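Have a look at the structure first, and then read on.

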Amino acid sequence: MEINMEVRNETTIQEFILEGFPAIQYLGNIFFLMHLLAYLASITGNMVIITITWADHRLQTPMYILLSTFSFSECCLITTVIPKLLSIFLSGRQTISFTSCLTQAFSFLFFGSIIFFLMAVMSLDRYLAICKPLHYPAIMNLRVSFLLAFFCNALSFILITGLVFEVSQLSFCGPNVISHFFCDLGSLIHLSCSDTGSVEIYVLFLALLVILISLILTIIAYSNIVVTIVRLPSAKERQKAFSTCSSHLIVLSLMYGSYVFIYMKPKQTNRLDSNREAALVNTVVTPLLNPVIYTLWNKQVHQALRDALSRVRLQKQSFGGPQQALDFLEDNSCKRRKSCLP
């Protein structure tokens, strides 16, 4: 009896198989190309946000500091998952060691938690800017935004480290096929031959803490924003504000809805297949939409990009001689004034 218990407490499986999407594997090349383009577009869009924020002093405000942190976390999140997904589309099932599996699960949940905390913080930032504009400069500044970003990272690290440590103590002595395209912690827990009741309760607790609290804060913030917008005297201003808020809310609904569907339930057993599709939304669709919705439609970002391109053109012109550079500056000045003498 003692020997059997000792064998049960040992981790006998040291390698897992990521199943991916076997039903559509025959279309692997097409899906590989689609997801590769989506991945490159997401990385490019988020890197543009990060670069332009730190290159243009006009965008070095609390809102854009938080957005650049959000973009960096999103780049890390999708880089944790998408390369393995692309390998699955090309070659079918992929093997992954137990250590690598835990590392991937930790990275995904860590950066995912940061993103949720940042979304709540950004919602509060917009609430202060729109609903309390006179108090905004006194409450939000660069120092506060850096502290909030650091707090989001530190809290996420503490919460997710504890969860992954608990999972690492489980025994895996049975099937080793993970019904997912990455090491999803819920799928991994389902394969354990240990008693997982306490770990599943821990997962539900963290889901409530990370997702539900940030969701509540976001709903409160946007509810107050909507009330403030409704009271605006100008119909044009109301339409513009509602257009911006509605696009933000679409992305928030996609992210919160899919994560609530995946994690905020006590049992992972019967819905693993649907979890894959929901996770695909968060790792492919929303990272592609976020750069467009959050900043690339923003006039300040457009102006910063135009100025950056103008500086690049000026540097190229300067290689052709000082006279060409002066002609470029004069032409650019005329365009801004829209009144040049013949």
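At 0% relative accessibility, C101 counts as buried, where buried means under 20% relative accessible area, exposed over 50%, and partly exposed in between (1.4 Å probe, protein chains only). Before we go further, note that this is a predicted model: local features need pLDDT of at least 70, side-chain atom pairs count only at pLDDT 80 or more, and totals for chains, interfaces and linings use all residues. Residues are numbered from 1 along each chain as its sequence is written, and side-chain values use heavy atoms, with hydrogens and water left out.

Which residue is joined to C101 by a disulfide? The partner is C183, with an S to S distance of 1.8 Å; a disulfide here is a pair of cysteine sulfur atoms within 2.5 Å. This pair links distant parts of the chain, 82 residues apart: C101 sits in helix α4, and C183 in the loop between β3 (177–178) and α7 (185–190). Helices (H or I, at least four residues) and strands (E, at least two) are DSSP runs, numbered from the N terminus. C183 is buried too, at 1%.

The structure holds two disulfides. The other joins C173 and C193, whose sulfur atoms are 2.0 Å apart. C173 lies in the loop between α6 (142–168) and β3, and C193 in the loop between α7 and α8 (197–230). With 36% relative accessibility, C173 is partly exposed, whereas C193, at 16%, is buried.

Finally, return to helix α4: 25 of its 34 residues are buried, so the helix is largely enclosed by the rest of the structure.
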